[in-house]
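Open the model in your viewer and keep the selection tool ready. Each stop below says what to select and what is there.

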Amino acid sequence: MTDKHQEPLIRLAKRSDLSRGKKWAIRLGAILLALVVGSLFIAVLGHNPIAVYRDLLSGAVGGPSATRATVRVAIPLLGAALAIAPAFKMKFWNIGAEGQIMVGAIAATYFALFWYDKLPKPVLLLVMALVSLIAGGIWGFLPAFCKAKWGTNETLFTLMLNYIALGIEAYLQNGPWKDPKGTGFPIIAMFDQNARLPKVGGIHIGWIVVLALTVGMFLYLRYSKHGYEITVVGESQRTARYAGMNVSKIIMRTMVLSGAIAGLMGFLVVSGADYTLNTGTSGGVGFTAIIVAWLAHLNPFAMVLIAGLLSILSKGSNTIQTNFKIPASAADVLSAIILFFMLGCEFFINYRLIFRTSKRNPAPAAHVPDEQNDPKKEDRDLG
């Protein structure tokens, strides 16, 4: 008779005793395997994999100019990852960094367009930074308030707010803020020099800002009272309430912080890199930041490394498109292959696969006492 409750062919088991050395060995193996698979893809396209990888690296970090361009890509990516870290730590799935970046950029752009000649440059930049923080904080507060008040789904709420922010930008670009000097296309005018961030080391000072935020976020999550409360709420809201914590207040406070940091990234992009506002200001950074935060296990210092690696892939893929006439879609596939293996290795670090054995262990035979050594046998015989 077949066993109705047969063991599944493959099942997952949580790893708990994997050493740090083995974890890094898995990561290194995943990177090497990604390069091998990527090489096969490049060869199918008819190119030399070694030459393509060489140009990918040189296009990203092959010189001062390329390195500065890569750092400019990494700044908002790292900042957005830091922004969503406290929300994710709290198990509040903030998928709205895109929208929070955009509304922060919109708020900063208003002052860049209409106040550039009314305020001194340092004051103007401080005001732009402040309003971007406020706008992003409000955009983060809305889903948090609804979650705390009515238990709404934060994933859908924050995702929908992304499109609302994008719609606001499109309206402004095609209407009130449209540059009358544009050459037939609806664009927003470039910022005056007064509204542009100063540079340090050939890169706008946003890189200093995000590095300071990295240290600050690490200390905030690891050593502050608020960070402790975020951790407790993330582990169990019931436990947090039992300990006397105001869970609703913690959720709203944390999401205001998360949205404010993302909004600040919008200011850094429009004032430090693009010098204008457009529909591509957020550029998918808010979604990519989720990958950065997840791969880094919400460790701010690890986010610096992950954001740097993804920025190298992004900037280097543009170079190989030009040098080898590789279509943008093919370059994206190559980047996706590498990213896929990076994500996949984290699965095998946290879980292991257990396969069902073909032969099942036979059930142990029932114990039959040996009559010769059975003391009760003598009693039966004497009886």
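**Stop one: helices α7 and α10**

Select helix α7 (residues 206–223) and helix α10 (residues 247–274), which pack at an angle of about 165 degrees with their axes 11 Å apart. This is a predicted model, where local features need pLDDT of at least 70 and side-chain atom pairs count only at pLDDT 80 or more, while totals for chains, interfaces and linings use all residues. Residues are numbered from 1 along each chain as its sequence is written, and side-chain values use heavy atoms, with hydrogens and water left out.

Helices here are DSSP runs (H or I, at least four residues), numbered from the N terminus. Two packed helices are described by the angle between their axes and the distance between the axes. Axes are lines fitted to C-alpha atoms, for helices over the stretch in contact, and angles run from 0 to 180 degrees between N-to-C directions.

How do α7 and α10 lie relative to each other? They are roughly antiparallel. The cut-offs are these: under 35 degrees is roughly parallel, over 145 roughly antiparallel, 65 to 115 roughly perpendicular, and the rest oblique. The crossing of α7 and α10 is left-handed. That term applies if the near helix is turned anticlockwise from the far one by less than a right angle; clockwise is right-handed.

Now show side chains. On α7, pick Gly-206, Val-209, Val-210, Leu-213, Met-217 and Tyr-220. They meet Arg-253, Leu-257, Ile-261, Leu-264, Met-265 and Leu-268 in α10. Contact means heavy atoms within 4.5 Å. By class, this contact of α7 with α10 has 10 nonpolar, one polar and one charged residues. Ala, Val, Leu, Ile, Met, Phe, Trp, Tyr, Cys and Pro count as nonpolar; Asp, Glu, Lys and Arg as charged; the others, Gly among them, as polar.

**Stop two: Ser-258**

Stay on α10 and select Ser-258, which lies in this helix. Is Ser-258 buried or exposed? Ser-258 is buried, with a relative accessible area of 0%. Buried means under 20% relative accessible area, exposed over 50%, and partly exposed in between (1.4 Å probe, protein chains only). Leaving aside neighbours within four places in sequence, Ser-258 contacts Ala-83, Ile-84, Ala-87, Asn-94 and Gln-100.

**Stop three: Thr-158**

Jump to helix α6 (residues 154–174) and find Thr-158 there. At 1% relative accessibility, Thr-158 counts as buried. Look at its side chain: a polar atom there lies 3.2 Å from the backbone oxygen of Thr-155. Beyond its neighbours within four places in sequence, Thr-158 is in contact with Phe-92, Trp-93, Asn-94, Ile-95, Gly-96 and Pro-143.

**Stop four: Ala-66**

Select Ala-66 in helix α3 (residues 64–89). Its relative accessibility is 13%, so Ala-66 counts as buried. Not counting residues up to four places away in sequence, Ala-66 touches Ser-58, Gly-59, Ala-60 and Val-61.

**Stop five: helices α1 and α13**

Select helix α1 (residues 20–44) and helix α13 (residues 328–350), whose axes come within 9 Å and cross at roughly 155 degrees. That makes α1 roughly antiparallel to α13. The crossing is right-handed. Residues of α1 in the contact include Ile-26, Leu-33 and Phe-41, and those of α13 include Ile-337, Phe-341 and Cys-345. The residues of the contact of α1 with α13 divide into 16 nonpolar, one polar and three charged.

**Stop six: helices α4 and α11**

Select helix α4 (residues 97–114) and helix α11 (residues 285–295), packed at an angle of about 130 degrees with axes 7 Å apart. α4 and α11 are therefore oblique to each other. Their crossing is right-handed. The contact joins Ala-97, Glu-98 and Ile-101 of α4 with Val-285, Gly-286 and Phe-287 of α11. By class, it has four nonpolar, one polar and one charged residues.

**Last stop: two loop residues**

Select Tyr-275 in the loop between α10 and α11. Its phi is near 60 degrees, a positive value in a residue other than glycine. Tyr-275 is buried, with a relative accessible area of 16%.

Then select His-297 in the loop between α11 and α12 (300–324). Phi of His-297 is near 55 degrees, again positive in a residue other than glycine. His-297 is partly exposed, with a relative accessible area of 46%.

Definitions and conventions. Polar contact = N/O pair within 3.5 Å; in protein donor to acceptor, adjacent residues only side chain to side chain.
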